[in-house]
Structures are given as structure tokens and as C-alpha cells.
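I am opening my notebook on this structure and want to record what I looked up, step by step.

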Amino acid sequence: MKKFIFKGILRDKGRSLLPVIVVSLGALLTVFLYSWVTGVLGDSIEMSSNFEGGDVKIMTKAYAAEFNQFPNDLALLDVEELLKELETVFPEINWAPRIRFGALADFPDSLGETRGQGPVAGWAMDLLSENTREPERFNLPAAIIRGKVPQKRGEVLLSEDLAARFGASPGDAFTLFGTTMEGGFSFVNFVIAGTVRFGTTGLDRGAVLMDLEDARSAFAMEDAAGEILGFLPEIHYDDRRAHETVVRFNDHFGQFAEISGDDADFSPTMLTLSQQEGMAQILVYSQAISAMLIFLFVAAMAIVLWNAGLLGGLRRYTEFGVRIALGESKGHIYRSLIWEALMIGALGSVLGTAVGVALVFIFSARGFDFSSFMQNATILIPGVVRPAITPVIYYIGFIPGVFSMVLGNMLAGTGIYKRETSRLFNELDV
Amino acid sequence: MKYIAILLTSLLAGVLFPGILPVPLCAQDNPEALALLKKVDNNLSSGSRIFESSMTIHGRRSDRTLTSKSWSRGEDSALTEYLAPASEAGTKMLKLGDNLWIYTPAADRTIQISGHMLRQSVMGSDLSYEDFMDDRKLTEMYRAGAPVEDTLRGTRVLVVELTAKVNDVAYPRQKMWVDAEKFVPLQREMYARSGQLLKKIELYDVQRVQGRWFPTRMVYKDMLKTGGGTEFRIESIVFDADIPDYLLSKAGLR
């Protein structure tokens, strides 16, 4: 029977084509919307990862306990050796040492005395190496308002609002007053290469971006870093992979620390993005929002396809009557109806999923560029958004495509059992 | 009813005219404590002084020692020049009134420190810029409760509790253990208005200098920080010295 039904679906295109198209469209839209919502929310988490926490972050235990105070006196030492070790053990991960700091930006008058000053939050990262990906992570140069990305040591980026408040422009010099790793004074003159907008009030009020080596020189942190961020190869954050990385790290470096006799407080520790303060709640929240949006859409699509199945079944009541009159049992007709719905649903879901997945791959590679719609790109709001590629996209289209179609036909098919031959003859005007 | 009216009127008068309330409702200096504070001020305060000092900061990972030379006149003018280590040598801090400037040869700049920055730590030590700057006499800033006898490190002391009587103090409350014979504080605890202990200072090696008793070693501990504290040692001190005016001016910074 199944072979007969399948041949009928393929040959009787007048009857099967429209349902297959409807199911395909439904599956395609479900796949693409799931990917889109997951991608957009994933991008916001990715932004947090790029900016703040990495997919994983390595700090000393003492630094991790007070991380929001940027305690650089508790920073990682012998960072080059640690990085070599990390690149050997985790070759798939991109490692980025950074220094975070708080300081005072002092703008001089013509006599070299204080004209104005303001507190700044600082990021020091590798801006100048040839293959560095740090500018990309900070959405540079798109987020630059005036000037350009630093080209050499001694140049920094300042937040636009801070520069505007003190009348500073690219090319002007200012003094950064901070603290060395040992707690001493640090006064270093820098040149403003450009100004940036972060997109949040607090940071736009006072922030500075500089090259890592400049910070190491300014704060007497040679071969040191406050934190080392690790970025997994996946485009969007994968919590499971991050946790696996932490387990491998603890296995490898936990033994190393015991052997070397390092003070436990200053031995390196690794945290996933979700383990860092505040991030767990953001991750759970974004996953909940994502799940809710997808559920609502899948439910709506399921109702549409269920309705299509219902109408398809209702339309064929005359056919069912003839078949009953010809001696076919009601149960046999019902089962053939379900098999047809299953085959049409599967065929449409396969086609819709294939096209949907192809579109997801294409747009994931290219991304949607919204920067032309935004007055200024910022560091925290990149202009390009990409749909996410996850294993779920290969089967989520089947939920409305197959199950709803089958359910709709199952409901419509219950009318078969109420069919009476006398009504059939009446309908056929016999 | 009549009694309640009198009570309410008294309280209202106390709010509008604080001075008219009877003594138990408005704290005043204990005469014995006031005399004690004056003796302490006589030992610690002077018209001017020049001293050389070293400050050892016990950090989480390592210790650092900075040496400096300071000139101060009265409560409003003071200059400190750091002599060692090489990374800090030549850095100068000048206090004039409520203003503080720092000159750094590394950047060849004079930078003014003000506002909340004054509460920051100096050189990573347990002292803040406010601690360095505030040189006023205790009798000007605090009123004191009755002293209580006690013993500290084998020495008879008088313990006195101080409450600020002006608003612009770094520590609204203090507790002081004063050597009962030499009238020099041997221990001080500084508190916030809420009662939280902020800083603790232990004073040692009290020596006779130019007719006064003066502690030459102090250990500061910021109770809100982990770490071993800061040891401040006076290597040499001269009271009522003649200080050229140019030294205590911004022109003298460069």
C-alpha cells in the first residue's frame, strides 16, 4: 500500500504539489527563524565574550577573587611561557592576553599643568601585531568616530565623549596617571590616535584602549597580563565545549602548579563565560528568550500546517465515500490517509529543511550588514548579524512539517467513520 | 499633656537652637580629655618640620621600600620628594591648603589631585592622600570622651574616644591609646560614621627630639584591604626648621 501511495503522490502532482510546497515553506521558515533568533541572541553573548570574558578566561586565583577591581598586583606572570603551553595543549583556541586597569586621564594646558582630568576604564590588548584579531573583536575601525586605529606604540583610542568634554582631538597628547603592578606611581604621556563610541553611557564617559605593550611598559608589567582570554573556534559561544576546556585545563595545569610549588593564590585558574560573574544570568535569560520565541513560531507554523492537513482531509470526503461504496474498509482508508500525510510531510520537510539550511549557511558566511541603517557603529553593537548554525536546524523543520500535517489529517480523517453511503449517493445526485 | 508640651518644645528648641539644650543632650569635650589632646598636639604638631623617612609597603607578592624627604609648614603647606627607588626618584607631592599637586619627571608634568582621588592609596600603601594631607591638630577636629586607663604593650595608656566636630574629616570617629607619661599615641583606630573600622595605626620607637616625644615608627593597616600593611619610619626629623618659601610653592616642583 505504501508503495502505491508514494507513487500516487509523485504522479498526481495536481493533488500533492500544493501540500508539499506549503509544508516546505513552513519548514524553511521554521529553520531560518530558529537560526536567526539563535544567531542574534548568540551574537549578543558573543559580544560579551569578545569584550569582557572570552569563551574562557585565565586569571590567577587571587585576581579572580577581586577581578572587578582590576588588581594588577595579582596578575599572571611569565605569560609568554604560559601562552606557549596553552597553544600546545589547546591549538584550536585563540588566546589573547589583556590588561584591564583604572586610571586618570589628565589633559594639560599650554604650561603643562592640569587643564582637566577624568577617570578612565582601560583595556590593553594586542592591537599592533600582524595577525591579531583583537581589533575585530572590538569592532574596530567601524566604531571609530574620529582619527584612526593606533598604528604604533604610544598611540591610544579615547572614548569620544571624554575627548569632546576636554576639547581633545586626534593628535593631542594627554597623561595617563595610573598605578604600577607594584603599586607605584605611573605617569605616561600618550597621543590620541582616535576616538571611539562604546554604546553604553558608563564607558563612553571615560575609557581608553591601548596596545598591550604600552600598558606593560606603563604599569611595569613586563611579561605579565591581568587575564588571558580564550576564544573557541565556534562562531557562537558553546557552553559545553567551554566546560570541557576548563576540565582539560585543570587536569593539565593543576598538576603543573603542584609540581612547581607555586603559591596556590597565584596559580592560574580558568573560568568559562557562564561562570563569570553576571554572565550565567545573561546566558540563561537569552536562552529563555530564544526558546520562547522559537516555541511561539513553531507553534504558529504547526497550527498553519495542521489546518492545511485538516482542509486537505475535508476536501476528500467525496473520494472517501466512493471508496467506502466500492468496498474499502474505513480503517484502511484512514490508514492510507495517515500514510499519505506522513509522506507529504516528510517530503516537504526534507525539501524545506534543505533549502533553509542552505540559506542559513550562505547568510552565516556573509552576515546581514545593518551598519548602513545605524548612524554610528559602536564597539558594543556590531553592524553585522549572522544566523546560527547548530545541529537543531537539521530537524526543527520536521516538527511542524511532519507532525502537524499528520495530526491535521488524523483529525480530518475521523469523519470517515461517520460517512454513510446514502449521503454519498445524495451528493453525487444518483 | 503639660509635660508632653514642655518636652516637645525643648526638642524643637534643640533642633532650631542646638546650643541652648542642657549638657546631657549636647556632647561637649571632657576637660580631662581636652587637656590630654592638647598635650598630644604639643608633641606631634609644630610650626614647621623637615624629616627624612622610609616607607615599606608589604604587598601580597613582594615588599617595596620608598625613601623620601619632606618639608612642612603649619597645617597647609607640605612638600615630599621621593628619593628612591629609581622609578620614583624625583617625583614630588605638594600640598597647599586643600590642593595637592604631583610632579613627575617621567612625564615632565604637574598633575593636580582632587576630589575622590584624594581617598586613593599613595604608592599602593595603606595610606591615602587624605592621610598625608590632613595635618590639623586633634583639638581642632575632634571632641573627646573621658579617658579610660588601660595597658598596651606593657605601657600604661589612656584610652580616649574621639568624635569629629567638623565635617571635613577623613575619619568621623577615632579611638586612641595614649602613653600616660609621654602623651604620645601608641595606637589609633579610625572609624567611618557607620562604625566600620577603616584604618589602624600602631606607633613605636618613641624618642625624645628637641624637647618633645615623637614616635619614629608607624605601622598603618588599611582594614579594608588584604596585605601586610605599610611601615613608615622616620630616619631623621628637625622641628621648627627654616624652610625657604620657594620650596613650598608650585614653582618649586620642577
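Entry on confidence. I kept in mind from the start that this is a predicted model. For the complex I noted an ipTM of 0.72 and a pTM of 0.73, both given by the predictor. I then looked up chain B, where the mean pLDDT is 84 and 87% of the residues reach 70 or more. Over residues 2-27 of chain B, however, I found the pLDDT below 50, and this stretch has 8 contacts in the model beyond near neighbours in sequence.

Entry on the contact between the chains. I looked up who takes part, and found 19 residues from chain A and 20 residues from chain B. On the side of chain A that touches chain B, strand 2 (94-108), strand 6 (173-179) and strand 7 (185-196) of chain A each supply at least two residues, and strand 7 gives the most, with 4 residues. Sorting that side of chain A by class, I noted 8 nonpolar, 7 polar and 4 charged residues.

Entry on helix 4 of chain A. In this helix, residues 79-89, I found A:Val79, A:Leu82 and A:Leu86 buried. Seen down the axis of helix 4 of chain A, the buried residues fall within an arc of 60 degrees, so they line one face of the helix. On the other side of helix 4 I found A:Glu80, A:Glu81, A:Lys84, A:Glu87 and A:Thr88 exposed. What covers the buried residues of helix 4? I found that the cover includes strand 2, strand 9 (227-231) and strand 10 (268-272) of chain A.

Key
Residues are numbered from 1 along each chain as its sequence is written. Chains are lettered from A and ligands numbered from 1 in the order in which they are written. This is a predicted model: local features need pLDDT of at least 70, side-chain atom pairs count only at pLDDT 80 or more; totals for chains, interfaces and linings use all residues. Two residues are in contact if their C-beta atoms, placed from the backbone, lie within 7 Å. Ala, Val, Leu, Ile, Met, Phe, Trp, Tyr, Cys and Pro count as nonpolar, Asp, Glu, Lys and Arg as charged, and the others, Gly among them, as polar. pLDDT is the predictor's confidence in each residue, from 0 to 100. A residue is buried if 20 or more other C-beta atoms lie within 10 Å of its own, exposed if 12 or fewer, and partly exposed in between; C-beta atoms are placed from the backbone. The arc is that of the directions from the helix axis to the C-beta atoms.
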